[in-house]
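Please consult the sequence and the structure while reading.

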Amino acid sequence: MRKFLCAALGACAAASLMVHSAAAETKVGLLLPTSGNYAALGKEIDDGFVMALEEAGMAGDFTLVREDSEAKPPVGMAKARKLVLQDNVDAVVGIVSSAVLGAVRDFIDGSKVPLIVANAGNDEATGANCSKYIVRVSFSNAQVNRPMGTWMAEHGVKKVYAMAPDYAAGHQMIDAFTASFTAAGGEVIGADYTPFGKTQDFGPYLTKAKAASPDAVFVFYAGGEAISFVKQYDSFGLKADIPLYGSGFLTSPLYVKAEGPAAIGVTTSLHYVPTLDTPENQAFVAAFKAKFDRPPSEYAVQGYDSARVLIEAVKAGAKGREAIAEALSKVSYTGPRGPLTIDPATNNVVQNIYVYETVADGDALTQKIVGTINEVRDAPNGCVLK
Amino acid sequence: MVASIDFWLTQFLNGLQLSMLLFLLSVGLTIIFGLMHFVNLAHGALYMVGAYAGVTAAASLGSFWLALAIAPIAVMAVGMFLYATVIRHMRRSGPMNQVLVTLGLIFVIVDLVRIIWGDIALGMEQPAILSGPVELLGVVYPAYRLFVIGVGAAVMLALSLVLSRTQIGAMVRAGVENDAMAACMGINVERLFFAVFCVGCALAGLGGAIAAPVFSATPSMATDILIPTLIVVVIGGLGSLRGAIAGSLIVGFIQTFGAVVLPGFASVLIYVLLAGVLIAKPSGLLPARG
C-alpha cells in the first residue's frame, strides 16, 4: 500500500513538474475592469479571451495575471506598472476605457511591452500617438462610424440630428460620422452632447431633436445610457416618424434584451454582428452559447480575437516581448467577424463594418445585416511606427 | 431656439417628471435626516435595490403592478435589517462616522447586487396600458411619464396631509423640532424614528421600481442618483417636506431647461445653484426649524 502510494505520489509530482515546464511559456497580463460601470464589458472580453485559448488547446501555454483597471486612468496606470515591472509579463491584453489607454500609452511604449488593445477606440492610439508596441484588435471610433455616414447618405437620408455623451469618444464617433455624411451630401442640422454618465433622462434632448424635424437621428451611446436612450426614444413616439440610427454599441447583443421591443427597427453599424452568416462565425457563436449560455457580443469577439492574434504570434515562433510585438503586426486570418488584418502602417485592425437592423424574432430580438462595407482601413492620421 | 408652445409644454412635463422622481427619493432622505439627525448615504443604494427588486418581481410574477407593490416592501425589509444591524448603533456617533459607515454600506450593497444580478443592466417592461405616447393638451407625451408624475404628486399630497393633519404627523413634526422635548411629552421617539425610517426606505424602493422601466436597473444607479438627491435636500432645507418639494421642483426644472437652453452648462448649473443657496441661505430655502 505504502509503495503504491509512493509511486502514485511520485507519478503525480513528475506529472505536475512536466506540466509546469510546458506551461508558463508566455505570461500575459489581462488589464480589464472587473468593478465599476465597465465591469460587464471586462467580463465579456475575459470570457472571449479564455475561450480562444481553450479552443486552440493552448490554455496551458499561457499564464494569465489578471488586474482590475477599474476603468480609471490612475488605477490602470498603477496596474500596468505592476504587470510589467513586477509580474514581468510578456504581453498586456485588455483596456476598455480610452482614458486608461491614453494614460498607459507612454509607459507601454517606453518599456517595450506589446499591448493588445481589446476595446478602447480612441483614434489617436493608432493615429498620431501610435506605437510599435500597441496593436489594436477591437476598432477605432472613426472606423465604426465613418462607413455609416456614407451608407446613410446613399440610402436617402438627408438631414440628421446627432447625439452622444459629452466626452472624447462621443465627439470622435459623431465627428467621423459627420465628416463622411456631409461629404456624401448629407447635412447634420443639430447635435447635442449630453453630460457623460450624468444623463439618465433624455427627455429634454429628445424633445429638442423632434422639434428640429430631421429625417433621422444618429447617436452613439453605450451601456446603461444606451438602454435608457433607446427605451426613451421609443416611449416619446419618435421612432415611428424619425428612424433611429447609431453606432452599433447602441443595440449591442449585450443589452438589447434589456431594451426590449423599443430596439426594433434601430439601424446601426458595427464591426461584429452575431448573426453573421459565415462558417467561422457560426462555429464561434455555437461554441460561445454552449459555454456561456448567451449569444456573444462584439466585446466577447474582441476578447476572442485578442487571444487569437496572440496565439498566431506565438505559433509563428515569437517568444519574449520584442518578438511578440514584431509578430503581432503581421497577423492576418479570417475569424468570427470576417477577415481580420493588422494594418502594418498603424497597428490598427482592418476589418469589415456591418450595417444591421435589430428585428423581432418571436419574443426575442435578433440582428439583420442590411449592408457590409468591406475591409475598412483607417488613414494613418500622422502615425509613424518606429 | 424653437419657440412653439408644444415644445415648451413637453419640456415642462419632462421637468415635472424628473422632479417627481427626485422627490420620491429626497423626501425619505430629508425626513430621516431631520428627525434622526442621521446622514444615510446608503439611501441611493436602497433606490437601486428597489429597481432590481421591481425588475425581478415583474419578471417572475409577470405583473408590473404587483412589482410596484412588492419593491417598496422588499426595500423596507432591507432598510429594517440595516437599521437593526448598523444604523441603530450609529445613532449617536456623530455625522462623520455616519457618513463613513453609510458610504461603506453603498459599496457593500452595490457589490451584493452585482453578485446577485450581475453587471449587465436589466430592463423592465412598462405595463401595456401605459406604454406608448398619449395626447395631452395637444402634446404627444409618453403615458408612463405621466404616470410617474401622477404617483409623485399623489405621494406628495398624501405626505403633506399626514404631516399636517394627523396626530402622527404632529408627533413627527414635534420630533423634528426638538426630539428631547418631544420625548418628555410622552412621544416614543425611538419608535417614531423607526417608523419614519421604514417609510423613507419604502419610498426609495418605490422610486427605484418606478424608474426602472424608464432608466433600466444598473449597479451605477446607486451613486448616480445620490448627488442630485443630496442637492435637493440641501437646497430645500434639511428635514422639511416643503423643502423637499421645492428642492426637487427647482433641481428637476433647472436640469431639464438647462439641458435645453444652455446645453454646455447643463451639468454645472445645478452646482452653481447649490453654491448660491449655501451662501445666501445656509440652512436651505425652507428649513424645518424656523
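How many bridges join strand β11 of chain A to strand β12 of chain A? In this predicted model, four bridges join β11(A), residues 332-335, to β12(A), residues 338-342, and the two strands run antiparallel. One of the pairings links Ser332(A) with its bridge partner in β12(A), Thr341(A). The chain passes from β11(A) to β12(A) by a hairpin of two residues.

Strand β12(A) also pairs with β13(A), residues 349-361. Here two bridges join the strands, which again run antiparallel. Thr341(A) stands opposite Val350(A) in β13(A). The hairpin of β12(A) and β13(A) has six residues between the strands, and Asn347(A) takes a positive phi near 70° there. The table sets out the two strand pairs.

| Strand pair | Bridges | Direction | Residues in the hairpin |
|---|---|---|---|
| β11(A) and β12(A) | four bridges | antiparallel | two residues |
| β12(A) and β13(A) | two bridges | antiparallel | six residues |

Two packed helices are described by the angle between their axes and the distance between the axes. For helix α1 of chain B (residues 5-36) and helix α8 of chain B (residues 189-215), the axes come within 8 Å and cross at roughly 165°. An angle over 145° counts as roughly antiparallel, and therefore α1(B) is roughly antiparallel to α8(B). The crossing of these two helices is left-handed.

Which residues of α1(B) and α8(B) meet? On the side of α1(B), they include Leu21(B), Leu24(B), Gly28(B), Ile32(B) and Met36(B). On the side of α8(B), Phe193(B), Val196(B), Gly200(B), Leu203(B) and Ala211(B) are among them. The residues of this contact divide into 17 nonpolar, three polar and no charged.

The two chains also touch each other: 29 residues of chain A are in contact with 30 residues of chain B. On the side of chain A, the elements that give two or more residues are α2 (39-55), α7 (203-211), α8 (223-235) and α9 (256-259). The most come from α8(A), with seven residues. This side of chain A divides into 11 nonpolar, 11 polar and seven charged residues.

Finally, the confidence of the prediction deserves attention. Chain A has a mean pLDDT of 89, and 94% of its residues reach 70 or more. Over residues 12-24 of chain A, however, pLDDT stays under 50. For that stretch the model has six contacts beyond four places in sequence.

Note on methods
Residues are numbered from 1 along each chain as its sequence is written. Chains are lettered from A and ligands numbered from 1 in the order in which they are written. This is a predicted model: local features need pLDDT of at least 70, side-chain atom pairs count only at pLDDT 80 or more; totals for chains, interfaces and linings use all residues. Axes are lines fitted to C-alpha atoms, for helices over the stretch in contact, and angles run from 0 to 180 degrees between N-to-C directions. Angles under 35 degrees count as roughly parallel, over 145 as roughly antiparallel, 65 to 115 as roughly perpendicular and the rest as oblique. A crossing is left-handed if the near helix is turned anticlockwise from the far one by less than a right angle, and right-handed if clockwise. Two residues are in contact if their C-beta atoms, placed from the backbone, lie within 7 Å. Ala, Val, Leu, Ile, Met, Phe, Trp, Tyr, Cys and Pro count as nonpolar, Asp, Glu, Lys and Arg as charged, and the others, Gly among them, as polar. Two strands pair if DSSP finds at least two bridges between them. pLDDT is the predictor's confidence in each residue, from 0 to 100.
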